[in-house]
Amino acid sequence: MPNVRVLATDKTVLVVNTLDRQISAKVDGKTFDMTAYGVKWLTRQPT
């Protein structure tokens, strides 16, 4: 998805919606809604 930017470490993921509209994103197997220009922090589970 080109309008989502993701920065990640082995423990944390930062997801940013760069669009001016709501979207649905899937990161690390998790699907969630994001508001326009929304930011979401995710915690990764140890493998």
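The dialogue below goes through a predicted model of one protein chain, feature by feature.

Trainee: Which strands make up the open sheet, and in what order?

Mentor: The general idea is that strands of a sheet pair through backbone hydrogen bonds, either parallel or antiparallel. Here an open sheet of 3 strands has the order S1-S2-S5, and the pairing is antiparallel. Strand S1 (4–8) and strand S5 (39–43) are the edge strands, each pairing on one side only, while the twist from one strand to the next averages 20 degrees.

Trainee: How many bridges join S2 and S5?

Mentor: S2 and S5 are paired over 5 bridges, in the antiparallel sense, and if you look for valine 16, you will find that its bridge partner in S5 is valine 39.

Trainee: Which residues make up the largest nonpolar core?

Mentor: As a general idea, nonpolar side chains in soluble globular proteins tend to be buried together. In this structure the largest nonpolar core has 10 residues, namely Val4, Val13, Val15, Leu19, Ile23, Ala25, Val27, Phe32, Met34 and Leu42. Strand S2 (12–17), strand S3 (23–27) and strand S4 (30–34) each supply at least two residues of this core, and the largest share, 3 residues, comes from S3. Of the 47 residues of the whole protein chain, 28% count as buried.

Trainee: What sits over the ring of phenylalanine 32?

Mentor: The charged end of lysine 40 sits over that ring, 5.5 Å from the centre of the ring of phenylalanine 32. As for pairs between aromatic rings, the count comes to 0.

Trainee: Why does alanine 8 count as partly exposed?

Mentor: The general idea is to compare the relative accessible area of a residue with two cut-offs, since buried means under 20% and exposed means over 50%. Alanine 8 has a relative accessible area of 46%, and therefore counts as partly exposed.

Trainee: Where is alanine 8 found, and which residues does it touch?

Mentor: Alanine 8 is found in strand S1, and, leaving aside residues up to four places away in sequence, alanine 8 touches Val13 and Arg44.

Definitions and conventions. Residues numbered from 1 in each chain as written. Predicted model: local features only at pLDDT ≥ 70, side-chain atom pairs only at ≥ 80, totals over all residues. Heavy atoms only, no water. Core = buried A, V, L, I, M, F, W, Y, C linked by side-chain atoms within 4.5 Å. Buried < 20%, exposed > 50% of the residue type's maximum accessible area, 1.4 Å probe, protein only. Helix = DSSP H or I, 4+ residues; strand = E, 2+ residues; numbered from the N terminus. Phe/Tyr/Trp six-rings, centres within 6.5 Å; stacked < 30°, edge-to-face > 60°. Lys NZ or Arg CZ within 6 Å of the ring centre and 35° of its normal. Pairing = 2+ DSSP bridges. Axes fitted to C-alpha atoms, helices over the stretch in contact; angles between N-to-C directions. Contact = heavy atoms within 4.5 Å.
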